[in-house]
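Here is a short briefing on one chain. Look at the model first, then read the points below.

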Amino acid sequence: MGKPAGGRGAARTSVWLEGKARRGARGGGQPSGLDLERITEVSVRLLDAEGLAKFSMRRLAAELNVTAMSLYWYVDTKDDLLELALDAAFGELRLPGAQDGGDWREQLRALAGEYRALLVRHPWLSPLAGTFLNIGPNHLAFSGAVQRVIRRTGLPEHRLTGAISAVFQFVYGYGTIEGHFVARCAEAGMAPDEYFRHAMSVATRAPDAAEVLRESAGLMAARGGDTVAEMLDRDFTFALDLLVAGIEAMVARG
């Protein structure tokens, strides 16, 4: 779930086509102790630690203690590795079982919460989700779970994709912005609450920003929350409640 595939890599197809993701090393001479699963795992760890902009085959090879050329026994391009890392991250999501017929509202909230947390844990994920086709097994499992839950809302078939977009494009945007905020805090060496106080203090020095912030102070106070995490959770929960209520209203409207 993300923006349609496009941008960098739009002309390529997918590492999941033509058996590329399952082929393993080609021919002889590959380094011992290295396989595609380990390469993907280290790629995710490196992306988490250093971000998408700094990721390179050379940097990954150094982390694995092999030569950069050794990686090309397993993948054709860096994009192949990024697509593998993207789907590996989606494998962290906890999904309802195919036969789980629980309340669709709670399952939809749970899936939305899982997706938000994933985007925050891996800030590099959101731009990749908008670049690749997302046809890896873990993302397909997520998409299948979302579709099964949305089908139980009672919406007519031709409205289901709109409902999925309303919920999960919202989560995509919310989780992306939250993930960027968490990354900025880490880069600044500050806890989120400390960074928020610092940012608000700096922003009020700009006359135009100060006026807007004064107008929003009442809204923020009414929302409540003693910490940044609490404020973010309250807004996310209520926004999701609005979307669930909207689905219920459209079903009732028939």
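Buried means under 20% relative accessible area, exposed over 50%, and partly exposed in between, with a 1.4 Å probe and protein chains only. This is a predicted model: local features need pLDDT of at least 70, side-chain atom pairs count only at pLDDT 80 or more, and totals for chains, interfaces and linings use all residues. Residues are numbered from 1 along each chain as its sequence is written, and side-chain values use heavy atoms, leaving out hydrogens and water.

**Overall fold**
- The chain has 11 helices and zero strands; these are DSSP runs numbered from the N terminus (helices H or I, at least four residues; strands E, at least two).
- Of the 254 residues in the chain, 37% are buried.
- Contact means heavy atoms within 4.5 Å. Among contacts between residues at least 6 apart in sequence, 75% join residues at least 24 apart.
- The chain exposes about 13600 Å², and carbon and sulfur atoms supply 56% of it. Areas come from the Shrake-Rupley method with a 1.4 Å probe; for residues, only the protein chains shown count as cover.

**Helix H8**
- H8 covers residues 160-188, which is 29 residues. The expected span is 1.5 Å times one less than the number of residues.
- Just after H8, Gly189 has a positive phi of about 70 degrees.
- His180 is part of H8. His180 counts as partly exposed because its relative accessibility is 39%.
- Beyond its neighbours within four places in sequence, His180 contacts Pro123 and Ser126.

**H8 against H9**
- H8 and H9 (residues 192-203) pack at about 90 degrees, with axes 9 Å apart. H8 is therefore roughly perpendicular to H9, a class that runs from 65 to 115 degrees. Axes are lines fitted to C-alpha atoms over the stretch in contact, and angles run from 0 to 180 degrees between N-to-C directions.
- Phe181, Arg184, Cys185 and Ala188 in H8 meet Pro192, Tyr195 and Phe196 in H9.

**Helix H11**
- H11 (residues 228-253) has 26 residues and reaches 37 Å between its first and last C-alpha, close to the expected 38 Å.
- Buried in H11 are Val228, Met231, Phe236, Leu240, Val244 and Ile247.
- These buried residues pack against H5 (104-121), H8, H9 and H10 (207-223).
- Just after H11, Gly254 takes a positive phi of about 80 degrees.

Key:
Parallel < 35°, antiparallel > 145°, perpendicular 65-115°, else oblique.
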